[in-house]
Amino acid sequence: MALSWNEIKDRALAFSKEWQEETKENAESKSFWDGFFNIFGVSRRRLASFEQPVKKLGGKYGFIDLFWKGTLLVEHKSKGKNLDKAYSQALEYFSGLKERELPKYVLVSDFANFRLYDLDAKEDYRFSINDLHSNIRLFGFIAGYQKKIFKEADPVNIKAAELLGRLHDQLEDSGYVGHPLEVLLVRLLFCLFADSTSIFERDLFKEYVELKTSEDGSNLGALLSEFFQVLNTPVVKRLKSLDESLNQFPYINGKLFEEPLPIPAFNSQMRDMLLDCCNLNWGKISPAIFGSMFQSVMKPNERRNLGAHYTSEKNILKLIKPLFLDELWEEFARVKNNKNKLKIFHKNLAELKFLDPACGCGNFLIISYRELRLLELEILRELDRSGQLVLDIAAVVQVDVDQFCGIEYDEWPVRISEVAMWLMDHQMNLLVSEEFGSYYTRLPLRKAARIVHGNALRIDWEDVIPKSELNYILGNPPFVGHQWRNKEQMEDMDIVFGKNSTTKRLDYVTAWHYKSSTFIQNTSIKTGFVSTNSICQGEQVPILWQKLFDEFSVKIHFAHQTFKWNNEAKAKAAVHVIIIGFACYDIKNKLLYEYENINSTPHERKVSNINGYLASGNNVFIKSRGKPIHGYPAMFKGSQPTDGGHLILSEIDKNELINNEPKSKNWIKEYIGGAEFLRGKKRYCLWLENCPPNELKKMPLVLEHLKLVSESRLKSATASVREYAKYPSLFTQIRQPDSDYLLIPRVSSENRKYIPIGYLTKDIIINDSAIALPNANLFTFGILTSVMHMTWTKYTCGRLKSDFRYSPAIYNNFPWPKDPNSKNKTKITKCAKQVLAVRAEFPDSSLADLYNPLTMPPKLVKAHQNLDKAVDLCYRSKSFHNEMARIEYLFELYNEYTDN
């Protein structure tokens, strides 16, 4: 079990202090490195060996000081020795190692200083032993963590989309709209790209517009129509009298210029805009990113957030690398020195087929195609080194766009994705050309990605690509919560799942998971989707994942836990997502990508199983239940007024009402919910549950409030609320405890380590934005405010965005300690009392302030740490190293409690 980073950092600090005091020249390096590995809670003996003999160039033998095959080579020197020479000496050993033994890291040290060389990232880090704890994350690979780095997109895409956006507006204002406008812009996009990337001779299209069209733009539309016709005509079939300026352009084909369009009417301003577009270097444009931004120029309401709706390459790589790319590169590394196996691998690469059943503008397909072509380029380099490559590049480039298929609901993105795939194809052809010194292009266009316009949840995917040919399904289906689905989307869910009431609580994206699972039965197809994180939280887990696991034998092969899905645009669109890769067969090692927070870089961990909550461990399904599985008191939501705000009073409203109507004072009570509790704010309500009619009659101002309540309820679309218009003096749902109670906010920030909870008297009215637990003793308080309970909450609660959304179901399912002894219970009670005592020392600070990670008082931090230790001991004597150890233990305990 990997240690937490805080524990590793503490160990590193202790190690540094110990070895800073070691000043002798004969310090024992073996003890040093045994201690170094112990920082991470792993045995050096199991992973690495000292004095590994290796035959160097020239036939002489040397000895590697410390060697972990395939991972780490250490060259250790006496204190003060030259570490540059040590690094050179380390590299000399490489020639005597087998390829699979070559390390990813080289580390040199002289006890006092470290230099770590990351050979894959081509980076090196230098620091003293005093700063080891500050740099300890660099060694995450020792503890089983692996940091993944992804590339970012080029911001030039935004400028390009803005230029085309202005041209779009002018054409639309002129009356050129709808499908013709969409096709025209896609054609112009292709021509602009072709002009910058040698599909056309450099700037040939720009020259044609500048020299052949009039400055007022009056003949530009007609000449473009003729131009498109020429691009769609083979050179041998063109008119002999065709203007030479047109005949210079190649035959494109691909049906891109086949459809006749109405002739647009340009003016001088529109002509200038087109020339502005021609002046941009479109060769720098990313076809993957530009497509989505280009789509946004078609929607005026999205224009000011241009770029906010595309998916960054960095995030696309998070999906495609573990889905297929990493495995392909690993296979390449195994076969690259065997030319026959390499050729077979190349052939297999060109036979892979991909489907994105919600492809939008093709982002995932385009980046996947690019990465496949980059791998193919490495294959060609290897073949070229051995003299196996023929001179005709066209004969050996085998990966092509027709390996990729997509389904898209809107027609406009379909057209964009088709063209964007061709643009990416040409960019990769240019790379091949640069590599081998021979210009290579695929003209005329003979193959295309198969992008089908239709509803992916209603069409048969076999009509797009036979499953017998398909290898991978991937993409980013629509993010629509169950409460936001429109009528058509609800019908889609019924078509996929059947008219099942339980699945109506699922997010729209789950329909793609379910349909994919049915499609890939009895195949080796692997699927990877980006999804809203809510499908692996709360009630959706047993509804969706138990169905997929049990009915279709689905196994999760890799998963990214919750992170922020954003992009590099000026107005960033960010949602909180997960990535799940699955198939209908099992594998030994699954990959779980864990995040310290939603903005951090993931750490890769190999696990034996990933369950529906995206935790390692056995499959478990926490089902909603009305009663606790334990013997502790029940909790419930507070009262709900549904009053149009007319029973609720601010401090000013309360004082004004009492001043004008003193009798009302007896019927006003403090009114509290999650927000008021956390922020220390005061609100009040009219609580008239036991108010006699003769008393009410004496309070005309209160009666005015009740009249407004009745009117508000009568306007409700809910029948039960309208019924309560008859009872305006009452809350529609009354759930006020008849004893003092513990309050738990229903929503709390994800940034807090603990959800703040606290005791209130029965006279304070709790509303439905908070939960009440009556008769809760200090032991109960201590358990519920512990990191143990917070871990359970984090994995099993629903979320509002990324914030925790607590509910009685979380409490009802929580596995309390099994038969705690009186000593442990007394310890928890004492520590819980201390937490409350420390909080009381800060009467002017709200709970939101006290539990903000940046402002939490050290005394309160310490009090909670002591409480956490006491709670942990109530579960088991062995400490929990990290959050994953806790949740795995709790899931096992839950299974034990519920199996009976």
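This tour of a predicted model goes from an open sheet to the nonpolar cores and ends at a glutamine in a helix.

**The sheet.** Select the nine strands of the open sheet, which run in the order β9-β8-β7-β10-β11-β13-β12-β14-β15. The pairing in this sheet is mixed. Colour residues 450-453 and 603-607 next: these are β9 and β15, the edge strands, and each of them pairs on one side only. Neighbouring strands of the sheet are turned by 20° against each other on average, with direction ignored.

**The cores.** Now select Trp-512, Trp-545, Ile-580, Trp-792 and Phe-891, the residues with the most contacts inside the largest nonpolar core. That core has 109 residues. Centre on Trp-512 and display its partners beyond four places in sequence: Pro-357, Ala-358, Ala-456, Leu-457, Trp-461, Pro-477, Pro-478 and Phe-529. Another core, of 102 residues, lies apart from the largest one; to find it, select Leu-167, Leu-242, Leu-256 and Val-577, which are among its members.

**A glutamine in α19.** Last, select helix α19, residues 540-552, and pick Gln-540 in it. Is Gln-540 buried or exposed? Gln-540 has a relative accessible area of 5%, under the 20% cut-off, and therefore counts as buried. Leaving out residues up to four places away in sequence, Gln-540 touches Arg-505, Leu-506, Asp-507, Thr-510, Ser-534, Ile-535 and Trp-545. Trp-545 was also selected in the largest core.

Terms used:
Residues are numbered from 1 along each chain as its sequence is written. This is a predicted model: local features need pLDDT of at least 70, side-chain atom pairs count only at pLDDT 80 or more; totals for chains, interfaces and linings use all residues. Side-chain values use heavy atoms; hydrogens and water are left out. A nonpolar core is a set of buried Ala, Val, Leu, Ile, Met, Phe, Trp, Tyr and Cys residues joined through side-chain atoms within 4.5 Å. Buried means under 20% relative accessible area, exposed over 50%, partly exposed in between (1.4 Å probe, protein chains only). Contact means heavy atoms within 4.5 Å. Helices (H or I, at least four residues) and strands (E, at least two) are DSSP runs, numbered from the N terminus. Two strands pair if DSSP finds at least two bridges between them. Axes are lines fitted to C-alpha atoms, for helices over the stretch in contact, and angles run from 0 to 180 degrees between N-to-C directions.
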